[in-house]
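Take a look at the fold below. This report walks through its sheets, helices and cores.

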Amino acid sequence: MLILALETSTELGSCALWRDGVVAERICPAGKSHSETLLPLVRELLAEAGVKVGQLDAIAFGVGPGAFTGLRVACGAAQGLAVAANLPLIPVTSLETLAAQAGGQRVLALLDARMGEVYSGCYQLIDGAYVLQGDIRVSAPDAVALPTEPGWIACGNAIAAYPVLAERLSVAGIAVQVDVLPTATTVVRLAAPRAARGEGIDAALAAPLYIRDKVAKTVAERLSEGGRA
């Protein structure tokens with residue numbers, strides 16, 4: 001089975017190719033937009049593997065939540081490639097990807113949502129899969145719902161971005177993994193069993209998972225918080 005994965009929901013953009021369990025990955029260079037670097041890396045990755053898009057069985061992509069522009073890049077690229085080759089798409093959430101990378105039995109995945117907010121989701125490892133407990137939420141760092149049961153770990157870039165959140169996790173006795181960002185390698189590992197079960201969707205139905213509709217603060221909001229117009 002051949003599966004291509006794209007992940008650009010954070011500043012760490014990447015693409016990966018799954019070939020029967022063996023994964024090759026390329027990382028988008030820092031300092032350049034994902035829209036500029038992702039597709040050239042995909043072409044390089046496929047060329048080095050001797051694989052054409054039409055030979056793929058599916059394309060997986062990081063559906064979000066995450067950076068609005070980044071989500072559109074991965075979704076748009078996945079749709080374009082899939083439509084051209086009539087391939088199914090497999091969306092994988094960034095928080096599930098974080099949970100899988102953390103590797104614990106119970107994981108609180110936390111991504112910086114910008115604008116002073118945090119995307120959060122609680123995941124539990126059940127029968128080898130990370131299952132969301134409740135809903136994915138967006139909230140202020142001091143309002144993130146923390147699990148009260150023992151054995152949880154927290155991961156993601158929101159921990160370092162918001163000291164108040166890091167302090168709350170420390171007080172709650174929840175271990176943290178700060179330097180964890182979603183990667184295409186993990187996306188494709190999560191997508192592979194779904195592709196094998198035929199769980200892909202039509203490319204026309206793919207859409208980023210935004211969680212919230214507001215993209216940026218108004219000038220008045222920024223000024224009220226001491227920012228610039």
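Of the 229 residues of the protein chain, 48% count as buried. Buried means under 20% relative accessible area, exposed means over 50%, and partly exposed lies in between (1.4 Å probe, protein chains only). This is a predicted model, in which local features need pLDDT of at least 70 and side-chain atom pairs count only at pLDDT 80 or more, while totals for chains, interfaces and linings use all residues. Residues are numbered from 1 along each chain as its sequence is written, and side-chain values use heavy atoms, with hydrogens and water left out.

## The whole chain

The protein chain has 7 helices and 10 strands. Helices (H or I, at least four residues) and strands (E, at least two) are DSSP runs, numbered from the N terminus. The radius of gyration of the protein chain is 18 Å, close to the 17 Å that the globule rule gives for 229 residues, so the chain is as compact as a globular protein of that length. That radius is taken over C-alpha atoms, and the globule rule is 2.2 Å times the number of residues to the power 0.38. The C-alpha atoms fill a box of roughly 50 × 45 × 30 Å, taken along the principal axes.

Among contacts with a separation of 6 or more, 65% join residues 24 or more positions apart. Contact means heavy atoms within 4.5 Å.

## The sheet of E1 to E5

Strands of a sheet pair through backbone hydrogen bonds, either parallel or antiparallel. Here, two strands pair if DSSP finds at least two bridges between them. In what order do the 5 strands of this open sheet lie? The order is E3-E2-E1-E4-E5, with mixed pairing. Strand E3 (22-27) and strand E5 (89-93) are the edge strands, each pairing on one side only. Neighbouring strands are turned by 20° against each other on average, direction ignored. Axes are lines fitted to C-alpha atoms, for helices over the stretch in contact, and angles run from 0 to 180 degrees between N-to-C directions.

| Strands | Sense | Bridges |
|---|---|---|
| E1 and E2 | antiparallel | 6 bridges |
| E1 and E4 | parallel | 4 bridges |
| E4 and E5 | parallel | 5 bridges |
| E6 and E9 | parallel | 4 bridges |

Single residues show the pairing. Glu7 has Ser14 in E2 as its bridge partner. Ala5 stands opposite Ala60 in E4. Gly62 has Val92 in E5 as its bridge partner. E4 is mostly covered: 7 of its 7 residues are buried.

## Two cores

A nonpolar core is a set of buried Ala, Val, Leu, Ile, Met, Phe, Trp, Tyr and Cys residues joined through side-chain atoms within 4.5 Å. The largest one has 27 residues, and Leu4, Leu6, Leu56 and Ile59 touch the most other members. E1, E2, helix H1 (34-49), E4 and H2 each supply at least two residues of this core. Which element gives the largest share of this core? H2 does, with 7 residues. Apart from this core lies another, of 17 residues, among them Leu95, Ala102, Tyr123 and Ile153.

Leu56 touches Leu2, Ile3, Leu4, Leu17, Leu46, Val51 and Leu87, not counting residues up to four places away in sequence.

## The sheet of E6 to E10

Another open sheet of 5 strands has the order E8-E7-E6-E9-E10, again with mixed pairing. Its edge strands are strand E8 (129-139) and strand E10 (175-177), each pairing on one side only. The twist averages 25° from one strand to the next. Val107 stands opposite Ile153 in E9.

Helices pack here too. Helix H3 (residues 94-102) lies across E6, E7, E8, E9 and E10, running at about 135° to E6. Helix H5 (residues 163-171) touches E6, E7, E9 and E10, and its direction makes about 165° with that of E6.

## One residue up close

Ile126 is found in strand E7 (residues 117-126). Is Ile126 buried or partly exposed? Ile126 is partly exposed, with a relative accessible area of 36%. Leaving aside neighbours within four places in sequence, Ile126 is in contact with Val131 and Gln133.
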